[in-house]
Amino acid sequence: MKKVTLITGVTGQDGAYLSKFLLDQGYEVHGLLRRSASADVVDARLKWLGINGKIKLHDGNLTDLSGLIRVMQEVRPAEVYNLAAQSFVKSSWQQPLLTGQVTGVGAANMLEAVRIACPEARFYQASSSEMFGLIQEPVQSETTPFYPRSPYAAAKLYAHWMTVNYRESFHMHASSGILFNHESPLRGIEFVTRKITDGVARIKLGLEKTLALGNLDAKRDWGHARDYVKAMWLMLQQDKPDDYVIATGRTASVREFCQLAFGHVGLKMEDHVVVDERFLRPAEVDVLLGNPAKAKQKLGWAPETSLEDLVGEMVEADLQRLRGQEHL
């Protein structure tokens, strides 16, 4: 018997990489799919990884508890990974209530659906380093106090504490991964790392001359999504549920990320990057730097991809896409 899993956000960056990882482990993978106007390209990431058609997709929405319960009853998963969210931080200021409903209350709906329909299932909640926000300690661990600085981070914090509450109240095997920034060639084009690598590729190919960005001095702990989804899985293989920081332990600024990307194709960022105030956040998170010691000790997890290799892989993928006029 194959182990059955259900992934929300299955067509996103993390959902695609996690699906591939679990398929390789022999799982039967089910995904929750929110119907949208762009349904014709919704599985682009799954196609990129060569796994579209191998995942059983179910219509559903995190804001619809009754629908979630029906999916749980139909799939009967042994493991549930809640990766779906309104996950673009800047948009959360323009859509704070939607972000709260989907990213925050949506996670509570998932927990309730699992509790009602398949309480023995193991549950993973995608928490975020953005919850640390205005950092209270120079290096953030599982015991660092949270200080969210965006509607997105506040919604994630509600989801995080609801996961803890369901674990303690109903004895569910519910764990949260406090993942620091993790990127890949499958990252959405609206995120700064992918905006950089796509821009570098366009400039290298002569399609553009400049790249407009916001705060170049913001620092993040950047890893590869492919490495981080393994940590999610490892959490649900433990005897006891818990919360884990997943990070590389290295921080780099947006400026440094740019320098690596432009340097990869033999260009200088100073010749092409311009700062545009439209891309500045109302409240900035200046620095994030994670301490993954607990994950290393208890899960045996460690990042496998360096920042330099990550940036190079993303730039090469965007060059390949633009040369073939493929879009993601």
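**Notebook: helix packing, strand residues and positive phi**

I began with H5 and helix H6, whose crossing is right-handed. I note for all that follows that the model is predicted. H5 and H6 (residues 151-170) pack at an angle of about 15°, and their axes lie 8 Å apart. An angle under 35 degrees counts as roughly parallel, and the two helices are therefore roughly parallel to each other. I listed the residues in this contact: H5 contributes Pro96, Thr99, Gly100, Thr103, Gly104, Val105, Ala107, Ala108, Leu111, Glu112 and Arg115, while H6 contributes Pro151, Tyr152, Ala155, Lys156, Tyr158, Ala159, Met162, Thr163, Tyr166 and Phe170. Sorted by class, the contact of H5 with H6 has 13 nonpolar, five polar and three charged residues.

Next I looked at H5 from the side of H3. Helix H3 (residues 65-75) packs with helix H5 (residues 96-117) at an angle of about 45°, with 9 Å between the axes, and H3 and H5 are therefore oblique to each other. Here too I noted the handedness, and H3 passes H5 in a right-handed crossing. On H3 the contact is made by Leu65, Leu68, Ile69, Met72 and Gln73, and on H5 by Asn109, Met110, Glu112, Ala113, Val114, Ile116 and Ala117. The classes in the contact of H3 with H5 are nine nonpolar, two polar and one charged.

I then turned to two leucines in strands. Leucine 32 sits in strand S2 (residues 28-33), and with a relative accessibility of 8% it counts as buried, the cut-off being under 20%. Leaving out residues up to four places away in sequence, I found that leucine 32 touches Leu6, Ile7, Thr8, Gly9, Val10, His58, Asp59, Gly60, Asn61, Leu62, Leu68 and Val71. From leucine 32 to valine 10, which is 22 residues away along the chain, the C-alpha separation is 6.5 Å.

Leucine 57, by contrast, belongs to strand S3 (residues 56-59) and is partly exposed, at a relative accessible area of 40%. Apart from neighbours within four places in sequence, leucine 57 has contacts with Val10, Gly31 and Leu33. I also took the C-alpha distance from leucine 57 to isoleucine 7, which is 9.5 Å across a sequence separation of 50 residues.

Helix H9 (residues 254-264) was my next entry. Its buried residues include Val254, Phe257, Cys258, Ala261 and Phe262. Viewed down the axis of H9, the buried residues fall within an arc of 125°, so they line one face of the helix. I looked up what that face meets: the buried residues of H9 pack against helix H7 (192-204), strand S8 (211-213), strand S12 (252-253), strand S13 (273-275) and helix H11 (307-324). After H9 comes glycine 266, with a positive phi near 80°.

Most residues other than glycine have a negative phi. Arginine 76, although not a glycine, has a positive phi of about 50°; it lies in the loop between H3 and strand S4 (79-82) and is partly exposed, with a relative accessible area of 49%. Histidine 171 likewise has a positive phi, near 55°, in a residue other than glycine. I placed histidine 171 in the loop between H6 and strand S6 (174-179), where it is exposed at a relative accessible area of 70%.

Key
Residues numbered from 1 in each chain as written. Predicted model: local features only at pLDDT ≥ 70, side-chain atom pairs only at ≥ 80, totals over all residues. Heavy atoms only, no water. Axes fitted to C-alpha atoms, helices over the stretch in contact; angles between N-to-C directions. Helix = DSSP H or I, 4+ residues; strand = E, 2+ residues; numbered from the N terminus. Parallel < 35°, antiparallel > 145°, perpendicular 65-115°, else oblique. Left-handed = near helix turned anticlockwise from the far one by under 90°. Contact = heavy atoms within 4.5 Å. Nonpolar A, V, L, I, M, F, W, Y, C, P; charged D, E, K, R; others polar. Buried < 20%, exposed > 50% of the residue type's maximum accessible area, 1.4 Å probe, protein only. Arc of directions from axis to C-beta.
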